[in-house]
Amino acid sequence: MSLKHHHHHRGVELSAASKSFVSKKWAFLLCIGFFCAGTLFSDRMWPEPEANVASREAASDERLLLMSEDCDSSKTSLGEVYKSPDATQTLDKTISTLEMELAAARAAQESIMNGSPVSDEFKLPETVTKRKYLMVVGINTAFNSRKRRDSVRATWMPPGEERKKLEEEKGIVMRFVIGHSATPGGILDRAIQAEESKHGDFLRLDHVEGYLELSAKTKSYFITAFELWDADFYVKVDDDVHVNIATLGAELAKYRMKPRVYIGCMKSGPVLAQKGVRYHEPEYWKFGEEGNRYFRHATGQLYAVSRELASYISINKNVLHKYVNEDVSLGSWFLGLDVEHVDDRRLCCGTTDCEWKAQAGNMCVASFDWSCSGICRSADRMKDVHRRCGEGPNALMAVSF
């Protein structure tokens, strides 16, 4: 190759390289220029969306903050509820009431499905709300106990208009409880009807009177009282027992927030298998070996049950077993249930110690003689016991529950 030709070839290569170098340089500069122009164009044409994004982010942060505050507030409120005994007890009582209403609804549904008539306690509640009472006091009595009833009327049971005022102002209902004789409309029933016309203080049961029928009478009383009066407590007391009604009301009011309460003087007496003795237990074999004792239950002179337990008795009346002794029957109905047994010895004071207890400021709720299972010769001695152990004539109207 000639020298001339060689120099010509090198010149062509340099020229091509120079053009390639310029192209890459200009391409780089053009890219930078377009990028700057694009950024400037974007800033001028779309400033608002960035503001909206920032606004949305701020609003989202604010909502998250509010939700966090609500959660904290809810936790605080729930914590306060859990820490409050009254609130917890109220919740328990409400749940218990709803459970009883559900049981009643199921019983009504079963009756309808079986084509049976629905009893009154299973019917849907009326639109008009019942008056609420503190307690219903049922005084168990018999046809031949007229003098006992008069002794009660003359001492711890207010007469006529005072009794009605007690119902209206204090929410305390008091009635003598009795069924009918084996011959309805006979002389015994007519005597009670005449007494009722005079005093207006009886609760008549659909029940045939008889000593061996006390368990059935007790069940009938709770069912009837529950249907007639919406009360926090239902009390049963014998007509030969002295009662301080204001003290009783104040004592029961302490347990108003408890859902299922059974209050009385709890005892566990021997199961008597021998025939012919008082309080003989025909079904003694159910309680184990001879010489065994009953489960704890309230003595029969006076006891009280809360509304939920009265409702339970009413709903399950057809399947509750009746032992010959009514206090044992009542205690057996609550076995296996989540029931609080309250053993209150103020409900069973003696007629000798109630006086000095009253003087010491520890007023008894009920007083009687254990040896007589009531006040011995109560028709004659009730006024004396009332004078020594009574809470005073103005106690009922002065007390606030």
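Four disulfides, each a pair of cysteine sulfur atoms within 2.5 Å, are found in a search of the whole structure. The model is predicted, with pLDDT of at least 70 required for local features and 80 or more for side-chain atom pairs, whereas totals for chains, interfaces and linings use all residues. Residues are numbered from 1 along each chain as its sequence is written, and side-chain values use heavy atoms, without hydrogens and water.

In sequence order, the bonded cysteines of the protein chain pair as 1-2, 3-5, 4-8, 6-7. The sulfur atoms of C349 and C364 lie 2.1 Å apart. The torsion about this S-S bond is about -90 degrees, so the disulfide of C349 and C364 is left-handed. Both cysteines, C349 and C364, are buried (under 20% relative accessible area, with exposed over 50% and partly exposed in between; 1.4 Å probe, protein chains only). C354 is joined to C389 with an S to S distance of 1.8 Å, and this link is right-handed, at 55 degrees about the S-S bond. It connects helix α11, which holds C354, to helix α12, which holds C389, 35 residues apart; helices are DSSP runs of H or I with at least four residues, and strands are runs of E with at least two, numbered from the N terminus. The bond between C372 and C376 spans 1.9 Å from S to S. C372 is partly exposed at 33% relative accessibility, while C376 is buried at 16%.

W156 touches, among others, I139, M174, M382 and H386, not counting residues up to four places away in sequence; contact denotes heavy atoms within 4.5 Å.
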